[in-house]
Amino acid sequence: MPAVPLLYKLTAFAHKDYLSFGYVHVGLRGVEEMTRQFNVNVYAPTILIFKEHVNKPADAIQARGMKKQVIDDFIAQNKYLLAARLTNQKLFHELCPVKRSHRQRKYCVILLTAEATNFNKPFEAFLAFALANTQDTVRFVHVYSNRQQEFANTLLPGGDTFRGKSAVSILERRNTAGRVVYKTLGEPWTGSESDKFILLGYLDQLRKDPALLSSEAVLPDLTDELAPMFLLRWLYSASDYISDCWGSIFHNDWREMMPLLSLVFSALFILFGTVIVQAFSDSNDERESTLPEKEEAHEKAGKTEPSFTKESSSKVPKKGFVEVTELTDITYTSNLVRLRPGHMNVVLILSNSTKTSLLQKFALEVYTFTGSSCLHFSFLSLDKHREWLEYLLEFAQDAAPIPNQYDKHFMERDYTGYVLALNGHKKYFCLFKPPKPVEEEEALGSCADLDSSLRLGDPRGKPSCGLGAKPLKGKLSRLSLWMERLLEGSLQRFYIPSWPELD
């Protein structure tokens, strides 16, 4: 049709930062050659996507009733080039995502090459290889080493072997802090058939043996090559908006401006009213909280014995019980992601078998701290959300590499009794690990003695080394001291980029 459909305009506006859009009216003269070249049916709407090769579309879709969901899915599948160039850290995170589990491995094949204005044979060979080896688990990208020197030097070995030449490196990201495992091809990439054969062999071997990526490093953030362009675009948009507002104020009729002025004054009235009501409510809460403290101070005026627990707790408990809610996908947003500034959620990790005993001990340990309105208490089921906890605990590990991270005991690790203090606004958490009880150590020691006696030929039965309920409750024996350090702010904090979804 002669006019551009509104649905296509909306799609172009939604993806204007990544893609360029065009429109062709097939009723005009001279379009027959284009429709014949790309084999387009002129009686049905057709969308063609071109990537590096402009003479042949990388993908096409054709349907008489083109729906919005169909167009969005089609655009999302072809959002990036076959071998896109990394220009900033955000693009690197999208093209090479962090590995969440051992079943969701994503590898990046990076070509480190110099910027060339004319024909670049190494890049053309790399692009042809990427076109012939498209996989869901492998993404092909390239970087201009002269623009990202620090990034390229981290992946290249020392020496003069790769100076002024192209190189190919295979990497896998482990966390958002820049920790990666990688392997760089031993020889420079020239695009020859032998280079393609070696790279293909590494990719085939990587499917069977992920330990092929033997080197480890912490990559620096990529330099934002397009930052000045975005800054100028923002300045131009701001100047246009100010000029439009200025012209509308002095050239339009005041009657036309009345709806806008009424909307502005209504918003200001609601804003100031909310602030005033919030200020009065905060002052009332402070008065109510200071009255019990003053009464307690008058009652204990004649006593000289110090009380450490009263000093450590900010307020007297308001309730005779501890309100502990379960952290699920329904309460996850309100209890953590959108938690108000200054508030923390103390979460107990438990399983179905240890739920009753650990909750009772947890309530006893944190009861003296329930007077603070900034603390919330919850528990998380290890049987339902183990993957979420494993992802969170990766940020509490040391920077040194941990071998055999996914060994045969990966799903058998016991996290019951762990306590996490989560600050949803500032995106950090503090970790409490239960100490090993004395009863458990003695039981383990007795098991070892009995096992050694059996090996020496003692004909007694198989030893019974069951641990009772006391060692299970003893996991939270030092939680109250940890809570006091939490209120003092002396605990170590582990920061994360964003809270993961609780599936």
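Asn39 lies in the loop between helix H2 (32–37) and strand S1 (46–49). Helices (H or I, at least four residues) and strands (E, at least two) are DSSP runs, numbered from the N terminus. Asn39 has a positive phi of about 55°, although it is not a glycine. With 71% relative accessibility, Asn39 counts as exposed. Here exposed means over 50% relative accessible area, buried means under 20%, and partly exposed lies in between (1.4 Å probe, protein chains only).

This is a predicted model, where local features need pLDDT of at least 70, side-chain atom pairs count only at pLDDT 80 or more, and totals for chains, interfaces and linings use all residues. Residues are numbered from 1 along each chain as its sequence is written, and side-chain values use heavy atoms, with hydrogens and water left out.

Now the whole chain. It holds 16 helices and 14 strands. Of its 503 residues, 35% are buried. The chain exposes about 32400 Å², and carbon and sulfur atoms supply 56% of that area. Accessible areas come from the Shrake-Rupley method with a 1.4 Å probe; for residues, only the protein chains shown count as cover. Among contacts (heavy atoms within 4.5 Å) with a separation of 6 or more, 71% join residues 24 or more positions apart.

Two strands pair if DSSP finds at least two bridges between them. S4 and strand S5 (residues 138–144) pair in the parallel sense over seven bridges. Leu112 stands opposite Val143 in S5.

Axes are lines fitted to C-alpha atoms, for helices over the stretch in contact, and angles run from 0 to 180 degrees between N-to-C directions.

Look at the loop between strand S4 (107–113) and helix H5 (121–132): Asn120 lies there. Asn120 is buried, at 15% relative accessible area. Leaving aside residues up to four places away in sequence, Asn120 touches Thr113 and Ala114.

Move on to helix H9 (residues 254–299), which contains Leu263. Leu263 is exposed, at 58% relative accessibility. Leu263 belongs to a nonpolar surface patch that also includes Phe265 and Phe272, with about 810 Å² of accessible area for the patch together.

Six strands form it in the order S9-S11-S10-S12-S13-S14, and the pairing is mixed. Its edge strands are strand S9 (324–326) and strand S14 (494–495), each pairing on one side only. Strand S10 (residues 344–350) and strand S11 (residues 375–381) pair in the parallel sense over seven bridges. Met344 stands opposite Leu375 in S11. Helix H12 (residues 355–366) packs on the sheet and touches S9, S10, S11 and strand S12 (419–423); its direction makes about 150° with that of S10. Helix H13 (residues 386–393) lies across S10, S11, S12 and strand S13 (428–432), running at about 75° to S12.

Finish in the loop between S12 and S13, the place of Lys427. Phi of Lys427 is near 60°, a positive value in a residue other than glycine. Lys427 is partly exposed, at 32% relative accessibility.

Key. Patch = residues over 30% accessible without salt bridge, like charges linked within 9 Å, V, L, I, M, F, W, Y side chains within 5 Å. Salt bridge = Lys/Arg side-chain N within 4 Å of Asp/Glu carboxyl O.
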